[in-house]
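Welcome, and let us take a walk through this model together.

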Amino acid sequence: MTGWLTSKSSLMSVLGEILDRMTSTENTIQDPDRLPDTAEPNGRCPVCSYRSAFNVLDVLPLSPTVNHGTPKSQVARLECMGCGNGIAVFEMYRNDLYLQSKIPTRYQAVHWWPTPNTQFSLPDVVPVEVQNPFDEGCRCAAVSAPNAAVAMFRNAIAAIVQIKGSDEANSKNTLFLTIQQMGTDGTLFNDFTEWAHHVRLTGNAGAHQEQFEDVTSEQASDLREFTRQLIEFLFVQPARRKNAMPTTRRAVES
Ligand SMILES: [Zn+2]
């Protein structure tokens, strides 16, 4: 009888611990940009970009099992309850995750399809030399590779100054001096000159970690936004102004 009580009370304490984890107020405070996975099927939808709840429709193993029939990696099909689109979430088995995670799970999501945060798909007026590194940077930022992301945003800035910079700007030896000259030429407003330098410096940090601290995901997100606005200002808006007929000017601004 005593043994039964002991095992019952230890079972209750385990259940209590699991319930605590599931109902803890800490769990309700979430990163607003977190992406959904099988453990927590809610978050920012990679298709519609809204915060949403998801249905987990299927989970398929991708590799041989590692532990009592547990696959080393799996892919889950989730359905956004907002827009109704399906997304794929790739997850890896992690032996150490169960006790660390707020919601008990043994899988860590490592990749999402469609790739999130690439909804900034750029119009055709943006040259491929700018578009390609920017897209690659967005993909890196989306899979939590911030150092690689900011290095790519720096490459996008380098391509921008090469295309938009004057001959004098492009004759400079360093990206720093080129951006300075673009500020002097009036190609970039002062604010944008500062931003361009900011992206350049953080991009340096991402590419040369032996000399700089690691870049955070937040910094990578900020730089994505700075770079996107720079592209908007230098390529997209001038093209819009050029194409806008005087009588349809307001309609184009939608
Ligand atoms: Zn959605």
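The term pLDDT stands for the predictor's confidence in each residue, on a scale from 0 to 100. Helices (H or I, at least four residues) and strands (E, at least two) are DSSP runs, numbered from the N terminus. What you see is a predicted model, in which local features need pLDDT of at least 70, side-chain atom pairs count only at pLDDT 80 or more, and totals for chains, interfaces and linings use all residues. Residue numbers start from 1 along each chain as its sequence is written.

Across the protein chain the average pLDDT is 76, and 74% of the residues score at least 70. Confidence is highest in strand 5, with a mean of 95, and lowest in helix 2 (residues 25-28), with a mean of 43. Residues 1-8 stay under 50 in pLDDT and have zero contacts beyond four places in sequence; a contact here means that the C-beta atoms of two residues, placed from the backbone, lie within 7 Å. The stretch of residues 17-29 is also below 50, with nine contacts in the model beyond near neighbours in sequence. Where pLDDT is low, the predicted coordinates should not be read in detail.

Now to the sheet. Strands of a sheet pair through backbone hydrogen bonds, either parallel or antiparallel. In this model, five strands form an open sheet in the order 1-2-5-6-7, with antiparallel pairing; two strands count as paired if DSSP finds at least two bridges between them. Strand 1 (42-44) and strand 7 lie at the edges with a single partner strand each, so one side of each has no neighbour in the sheet. From one strand to the next, the twist averages 40°.

Let us step across the sheet. Strand 2 (residues 51-61) runs antiparallel to strand 5 (residues 73-80), and seven bridges join them; Val 59 has Ala 76 of strand 5 as its bridge partner. Ala 76 in turn is partnered with Val 89 in strand 6. Strand 5 and strand 6 (residues 86-93) share seven bridges and form a hairpin with five residues between them, where Gly 84 in the turn has a positive phi of about 85°. Six antiparallel bridges then link strand 6 to strand 7, with Val 89 opposite Trp 112.

Pro 114 belongs to the loop between strand 7 (107-113) and helix 4.

How are two packed helices described? By the angle between their axes and the distance between the axes. Axes are lines fitted to C-alpha atoms, for helices over the stretch in contact, and angles run from 0 to 180 degrees between N-to-C directions. Helix 4 (residues 128-142) packs with helix 9 at an angle of about 155°, the axes being 10 Å apart. The two are therefore roughly antiparallel, a label for angles over 145 degrees, while those under 35 count as roughly parallel, 65 to 115 as roughly perpendicular and the rest as oblique. Among the residues that make this contact are Phe 134 and Cys 138 of helix 4 and Thr 227 and Ile 231 of helix 9.

Helix 5 (residues 146-164) also meets helix 9 (residues 217-243), with axes that come within 9 Å and cross at roughly 20°. That makes helix 5 roughly parallel to helix 9. Their contact includes Phe 153 and Ile 157 of helix 5, together with Leu 223 and Thr 227 of helix 9.
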